[in-house]
Amino acid sequence: MNKVQDVNIILIDADDRVRGYLRSMLYRYGFANIQEVGSGDKALQAISLASINLVFLDTNVAGANGFELIQDIKKIQPKCQIIVTSTGVTKDLVDQITDAHIKMVVLKPFSNRTIETKVQQVLPILYKTSWPIDPNLSTASNEHTLNAT
């Protein structure tokens, strides 16, 4: 893998609007291999069938406990990077994120800039090397925000 076009991404969120928003942002950044699922069962099925490099995972996904799902994903795809999305921070959430060794968390509502920053942070991990140049994923002229419910 040496280009953003080679990164396989899955978006796991029960909200179609959130998945659509993330998908459109990631397409603008040059990512082409993006799958979307709205439940834990479908997520595990998709992750079992294809190599996945990056997961955006809502902690409140239908049909699964988000943190049990993280453990299942890590068993199936141990090198996969996970960016957790959540609507709020609680002590329990912080404890679970820490226990799952997740370093990337995005709070909803999020902006283009937030997603761009997290993706720039995770790409060198995916590639196992530093970029020869600073990757500038931003192609949007205006900042957009999604208010998820």
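Modeller: Helices and strands here are DSSP runs, numbered from the N terminus. The model is predicted.

Colleague: Among contacts between residues at least 6 apart in sequence, what percentage joins residues at least 24 apart?

Modeller: Contact here means heavy atoms within 4.5 Å. The count takes pairs at least 6 apart in sequence. Of these contacts, the part joining residues at least 24 apart is 69%.

Colleague: What percentage of the accessible surface belongs to carbon and sulfur atoms?

Modeller: The chain has 149 residues, and 46% of them count as buried. Its accessible surface comes to about 7800 Å². The share of carbon and sulfur atoms in that surface is 49%.

Colleague: Which elements do the buried residues of α2 pack against?

Modeller: Helix α2 spans residues 40-49, and its buried residues are Gly-40, Ala-43, Ala-46 and Ile-47. Seen down the axis of α2, they fall within an arc of 125 degrees, so they line one face of the helix. The buried residues of α2 pack against β1 (8-12), β2 (33-37), β3 (54-58) and α3 (66-76).

Colleague: Is Leu-49 buried or exposed?

Modeller: Leu-49 sits in helix α2. The face of α2 turned away from its buried side carries Leu-49, along with Asp-41, Lys-42 and Gln-45. The cut-off for exposed is over 50% relative accessible area. Leu-49 has 71%, so it is exposed.

Colleague: Which element gives the largest share of the largest nonpolar core?

Modeller: That core has 24 residues, and Ile-9, Leu-26, Phe-31, Phe-56 and Ile-115 have the most contacts inside it. At least two residues each come from β1, α1 (16-28), β3, β5 (104-107) and α5 (112-127). The largest share, 6 residues, comes from α5.

Colleague: Which residues does Phe-31 touch, not counting those up to four places away in sequence?

Modeller: Phe-31 is one of the residues with the most contacts inside the largest nonpolar core. Leave out residues up to four places away in sequence. Phe-31 then touches Val-4, Val-7, Ile-9, Leu-26, Val-119 and Leu-123.

Colleague: How many residues does the second, separate core have?

Modeller: Ile-47 is a buried residue of α2. The second core includes Ile-47, together with Ile-10, Leu-69 and Ile-97. This separate core has 21 residues.

Technical notes. Residues numbered from 1 in each chain as written. Predicted model: local features only at pLDDT ≥ 70, side-chain atom pairs only at ≥ 80, totals over all residues. Heavy atoms only, no water. Buried < 20%, exposed > 50% of the residue type's maximum accessible area, 1.4 Å probe, protein only. Helix = DSSP H or I, 4+ residues; strand = E, 2+ residues; numbered from the N terminus. Arc of directions from axis to C-beta. Areas by Shrake-Rupley, 256 points an atom, 1.4 Å probe, with all protein chains shown as cover. Core = buried A, V, L, I, M, F, W, Y, C linked by side-chain atoms within 4.5 Å.
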